[in-house]
Amino acid sequence: MELAFLRYLGGTILEVMEKHGDRQLFTFYRIEKISRDIQNDTYDVSLHVIGYEGPLNPPFKLIQMTIRIPGEKYTKYSVISYKHRYINDKELNELTKYVAD
């Protein structure tokens, strides 16, 4: 289910990355947390992806974001937080050890 949901969000994730200056592809995505605000009819989805350039070559970036997904009251998502940093091969191996792509 997680992979299906992330696949659905794929275009949104790329759009958020591009708006924050990360014009690259991503892989090894993972949901960290989902919280629901019943009163405002929204979901906050915290996730991370590994960004890369070229044919899955370094440099790799750990990109963490939280996206607010609207319910029926709203029509557009919003970005609550966005962070990125370069990671080395050791960190890449740790982050991708248990993640299916």
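The side chains of K61 and D22 are joined by a polar contact of 2.4 Å (a pair of N or O atoms within 3.5 Å, where within protein one must be able to donate a hydrogen and the other to accept it, and residues adjacent in sequence count only if both atoms are side-chain atoms). Keep in mind that this is a predicted model, in which local features need pLDDT of at least 70 and side-chain atom pairs count only at pLDDT 80 or more, while totals for chains, interfaces and linings use all residues. Residues are numbered from 1 along each chain as its sequence is written, and side-chain values use heavy atoms, with hydrogens and water left out.

Let's stay with K61 for a moment. K61 lies in strand 3, residues 57-70 (strands are DSSP runs of E, at least two residues, and helices runs of H or I, at least four, numbered from the N terminus). With a relative accessible area of 10%, K61 is buried (under 20%, with a 1.4 Å probe and protein chains only). Leaving aside residues up to four places away in sequence, K61 touches D22, Q24, V49, I50, G51, H84, R85, Y86 and I87 (heavy atoms within 4.5 Å).

Now for the chain as a whole. Two helices and four strands follow the pattern α-β-β-β-β-α along the sequence.

| Property of the chain | Value |
|---|---|
| Residues that count as buried | 36% of 101 residues |
| Contacts joining residues at least 24 apart, among those between residues at least 6 apart in sequence | 52% |

Technical notes: Buried means under 20% relative accessible area, exposed over 50%, partly exposed in between (1.4 Å probe, protein chains only).
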